[in-house]
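Take a moment with the sequence and the 3D view below.

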Amino acid sequence: MTTVQNNAITGPMIFTNATIIDPAQPDQRFGALRIEDGVITHLAADDSDFPKHSDIDTYIDCGGRIISPSFVDLRSFAIDATAAEV
């Protein structure tokens, strides 16, 4: 069962129709992923490849939006302070 604790969703969830960025891979991919206890347990082209369990009650359709680990702002740029002064 999915619950909210300390402003975080807990329990198994499936994200579908996502653009998935994996820093270990050279290219992004489109697909679905399943998360249990904060860990990605399955990754596939779509959720039909996942094991079927009745414990999933949270499905999130990402509509092509990006899922990526540990990124806060994908449009941030590092600026050299000395170059900005010239």
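The largest nonpolar core has 7 residues in all: Met13, Phe15, Ala18, Ile20, Leu33, Ile35 and Cys62. A nonpolar core is a set of buried Ala, Val, Leu, Ile, Met, Phe, Trp, Tyr and Cys residues joined through side-chain atoms within 4.5 Å. Buried means under 20% relative accessible area, exposed means over 50%, and partly exposed lies in between (1.4 Å probe, protein chains only). S3 and S4 are the elements that give two or more residues to this core. S3 gives the most, with 4 residues. In soluble globular proteins, nonpolar side chains tend to be buried together.

This is a predicted model: local features need pLDDT of at least 70, side-chain atom pairs count only at pLDDT 80 or more, and totals for chains, interfaces and linings use all residues. Residues are numbered from 1 along each chain as its sequence is written, and side-chain values use heavy atoms, with hydrogens and water left out.

Now look at Ile35, a member of the largest core. Leaving aside residues up to four places away in sequence, Ile35 touches Gly11, Pro12, Met13, Phe15 and Ile40. Contact here means heavy atoms within 4.5 Å.

Move to the strands. Helices (H or I, at least four residues) and strands (E, at least two) are DSSP runs, numbered from the N terminus. Thr16 sits in strand S3, residues 13–20. Is Thr16 buried or exposed? Thr16 counts as buried because its relative accessible area is 14%. Beyond residues up to four places away in sequence, Thr16 touches Gly31, Ala32, Asp47, Ile60, Asp61, Cys62 and Gly63.

Arg29 belongs to strand S4, residues 29–36. Its relative accessible area is 36%, so Arg29 is partly exposed. Again not counting residues up to four places away in sequence, Arg29 touches Ala18, Thr19, Ile20 and Leu43.

How many salt bridges does a search of the whole structure find? The search finds 1. A salt bridge is a side-chain nitrogen of Lys or Arg within 4 Å of a carboxyl oxygen of Asp or Glu. Here the side chains of Arg34 and Glu36 meet, at 2.6 Å from N to O. Arg34 is buried, at 1% relative accessibility. Glu36 is partly exposed, at 25% relative accessible area.

Finish at a loop. Asp49 lies between strand S5 (39–44) and strand S6 (58–61). With a relative accessible area of 51%, Asp49 is exposed. Asp49 and Ala32 are 17 residues apart in sequence and 9.3 Å apart in space, C-alpha to C-alpha.
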